[in-house]
Amino acid sequence: MNKMNDMLQIKSVRGNRIETQGVMVTPLSKAIVVNLPIGGFVWNRPVGIEVEKDQQIKRIPIIDVTLIAQLGIIAFGMFLTIAFWLIGRKKLGNIKKGV
Amino acid sequence: MTEGIKLISESIPSQDKANELMEQLIAVADTKSVYSDPVESGEYMVLTASEVRVGIGFGFGGGAGLEANEGQTDQDQESLPSGGYGGGGGGGGGGVALGRPVAAIEIGPQGVRVEPIVDPTKIAIAFFTTLVSMFAMMSRMKRGMRRM
């Protein structure tokens, strides 16, 4: 289990605070680290910022619009392909039955 | 003779160098690689947030050996003088690093704003790739149905 943990790590990292105009901003990121004996891979992405003003802490998420759009297009394309395949099978079944 | 073997084994790449490389890779997992240094302009402060992907792969190997004299066994080679020794080692590797801006963070008198950065080229590539894959799949399905 420990070996597995060494190989795959998911880290939530808090960056250094930035202070300006009475606002304290802390950047937050999430990193996926894959550590293999023949190499490795790191995927680090911003997840949001923590804004501290007047002793109130607010978390603003950072949304990756490009990634969401890409995944949405691929998912929609797969859905359409499967839907057309199912319709085609149904039509073929009806033709064979003579309906 | 033993010094010769030591010299050869030192010349062969070791796991230590690979570990050093891996430590440098893990350093990418820090927030400093994702968020830029803030830039001040008048009352505003701006910093960018980017997605970073880094991957590396490597491999190495090596070997050394002694020239065996006639009638000399492997165990004798350490103690008895032989004709000579030789060895070699080598390694190779490759890597890729990708970065893409995700959002711009603006800190101003009105407060903090997160402005997403959209990459239309990537979206267009995903759209056309999906479209081509769909048509290819559908034409294969049509051909398969015609055969039935």
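Helix 2 of chain A has 33 residues, and its first and last C-alpha atoms lie 48 Å apart. The expected value at 1.5 Å a residue is 48 Å, close to that reach. The expected span of a helix is 1.5 Å times one less than its number of residues. Helices are DSSP runs of H or I with at least four residues, strands are runs of E with at least two, and both are numbered from the N terminus. The model is predicted: local features need pLDDT of at least 70, side-chain atom pairs count only at pLDDT 80 or more, and totals for chains, interfaces and linings use all residues. Residues are numbered from 1 along each chain as its sequence is written, chains are lettered from A and ligands numbered from 1 in the order in which they are written, and side-chain values use heavy atoms, with hydrogens and water left out.

The buried residues of helix 2 of chain A are A:Thr66, A:Gln70, A:Ile73, A:Gly77, A:Thr81, A:Gly88 and A:Leu92. Buried means under 20% relative accessible area, exposed means over 50%, and partly exposed lies in between (1.4 Å probe, protein chains only). An α-helix has 3.6 residues a turn, so residues three or four places apart point the same way. The buried residues of helix 2 of chain A pack against strand 3 and helix 3 of chain B. A:Gly98 follows this helix, and its phi is positive, near 85°.

Helix 3 of chain B covers residues 120-147. Its 28 residues should span 40 Å at 1.5 Å a residue, and the end C-alpha atoms are 41 Å apart, which agrees. Its buried residues are B:Ile123, B:Ala126, B:Thr130, B:Met134, B:Met138 and B:Met141. Helix 2 of chain A is included in what covers them. Contact here means heavy atoms within 4.5 Å.

B:Phe127 and B:Phe128 form it, edge-to-face, at 5.3 Å centre to centre with 75° between the planes. Rings of Phe, Tyr and Trp (its six-membered ring) pair if their centres lie within 6.5 Å; planes under 30 degrees apart are stacked, over 60 edge-to-face, and the rest tilted. B:Phe127 is partly exposed at 39% relative accessible area, whereas B:Phe128 is exposed at 51%.

B:Ile117 lies in the loop between strand 4 (111-116) and helix 3 of chain B. At 29% relative accessibility, B:Ile117 is partly exposed. Beyond its neighbours within four places in sequence, B:Ile117 contacts A:Thr66, B:Pro101, B:Val102, B:Ala103 and B:Ala104.

Charged side chains were examined next. Side chains of opposite charge can pair when their charged atoms come close. A salt bridge is a side-chain nitrogen of Lys or Arg within 4 Å of a carboxyl oxygen of Asp or Glu. The count is seven salt bridges over all chains. In one of them, the closest N and O atoms of B:Glu51 and B:Arg100 are 3.1 Å apart. B:Glu51 lies in strand 2 (residues 44-66) and B:Arg100 in strand 3 (residues 85-108) of chain B, so the pair ties together parts that are 49 residues apart in sequence. B:Glu51 is buried at 4% relative accessible area, and B:Arg100 is buried at 5%.

B:Arg113 forms a salt bridge with B:Glu106 (3.2 Å, N to O). B:Arg113 also forms one with B:Glu115, at 3.0 Å between the closest N and O atoms. Relative accessibility is 24% for B:Glu106, which is partly exposed. B:Arg113 is partly exposed at 44%, and B:Glu115 is partly exposed at 39%. Elsewhere, salt bridges that share partners join A:Asp64, B:Glu51, B:Arg53 and B:Arg100 into one network.

A:Asn44 lies in strand 4 (residues 39-53) of chain A. A:Asn44 is buried, with a relative accessible area of 0%. Not counting residues up to four places away in sequence, its contacts include A:Ser29, B:Asp30, B:Ser33 and B:Glu51. The side chain of A:Asn44 makes a polar contact with that of B:Ser33 (3.4 Å). A polar contact is a pair of N or O atoms within 3.5 Å; within protein, one must be able to donate a hydrogen and the other to accept it, and residues adjacent in sequence count only if both atoms are side-chain atoms.
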